[in-house]
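Subject: Structure handover and findings

Dear colleague,

Please find the structure below, together with its sequence. My notes on strands, core and rings follow it.

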Amino acid sequence: MKLMPVKMMNRCFCILIISLFAVACTSNDVYFQYKSVATKGWSKDSIYSFDIPISDTTVLYNVYVNIRNRGEYQYQNLWLFLSKTTPDKTQSKDSIECYLADQRGKWLGSGIGSIMEMPVLYQQNVRFKTKGTYHYKIVHGMRDSILIGINDIGMRVEKTGRN
């Protein structure tokens, strides 16, 4: 019986490790997108829209609003107004308060350099009743007419793995 050369074993081992890593890193994301905020700031009149396709109505989902902010954002929190239109044209509105910094001013979330990323759980274990595209619109609800320091606004929808 011939033994496999060391180079061949190393190559097989590397392929196996990469394959396992790729399988382990698969996410349950159904939708994940960011929209860039204008460099001059987020105007109170600016609406960020997200069209989220839902094809499976049998599972539960988590819905996140993701915020990327820079160090010059001057508040601890961010109020957002969300509106949702379902495929059957039912509309609903909601507001959420997103904390971007703690009481001492230390940024929450993660980031490198001057940009911090903060995922905010908006809805947990929600079931979408109808297949189709759900339209979300987000505007800020802060008192400033132009918000400085918000870099991007995004949405992410993931399957929870539970029915």
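How many bridges join β3 to β9? There are 7, and the two strands run antiparallel; strands here are DSSP runs of E with at least two residues, numbered from the N terminus. The model is predicted, with local features needing pLDDT of at least 70 and side-chain atom pairs counting only at pLDDT 80 or more, while totals for chains, interfaces and linings use all residues. Residues are numbered from 1 along each chain as its sequence is written, and side-chain values use heavy atoms, with hydrogens and water left out.

**Strands**

The covered face of β3 carries Tyr-48, Phe-50, Ile-52 and Ile-54, whereas Ser-49, Asp-51 and Pro-53 lie on the uncovered face. In a regular strand, side chains alternate between the two faces of the sheet.

There is also an open sheet of 5 strands, ordered β1-β11-β4-β8-β7 with antiparallel pairing; two strands pair if DSSP finds at least two bridges between them. Its edge strands, β1 (29-36) and β7 (110-112), each pair on one side only. Within the sheet, β4 and β11 are joined by 9 bridges in the antiparallel sense, and Asn-69 has Ile-150 of β11 as its bridge partner.

**Nonpolar core**

The largest nonpolar core has 33 residues, and Trp-42, Ile-67, Leu-78 and Leu-80 have the most contacts inside it. Such a core is a set of buried Ala, Val, Leu, Ile, Met, Phe, Trp, Tyr and Cys residues joined through side-chain atoms within 4.5 Å. Buried means under 20% relative accessible area, exposed over 50%, and partly exposed in between (1.4 Å probe, protein chains only). Strands that each supply at least two core residues include β3 (48-54), β5 (77-85) and β9 (132-140).

**Aromatic rings and charges**

The structure holds 5 aromatic pairs, where rings of Phe, Tyr and Trp (its six-membered ring) pair if their centres lie within 6.5 Å; planes under 30 degrees apart count as stacked, over 60 as edge-to-face and the rest as tilted. Among them is the edge-to-face pair of Tyr-73 and Tyr-75, at 5.7 Å centre to centre and 70 degrees between the planes. Tyr-73 counts as buried because its relative accessibility is 4%, whereas Tyr-75, at 28%, counts as partly exposed. Tyr-61, Phe-128 and Tyr-134 form one aromatic cluster.

The charged end of Lys-35 sits over the ring of Phe-50, 5.0 Å from its centre (NZ of Lys or CZ of Arg within 6 Å of the ring centre and within 35 degrees of the ring normal). Arg-68 lies over the face of Tyr-34, 3.6 Å from the ring centre.

With kind regards

Terms used. Helices (H or I, at least four residues) and strands (E, at least two) are DSSP runs, numbered from the N terminus.
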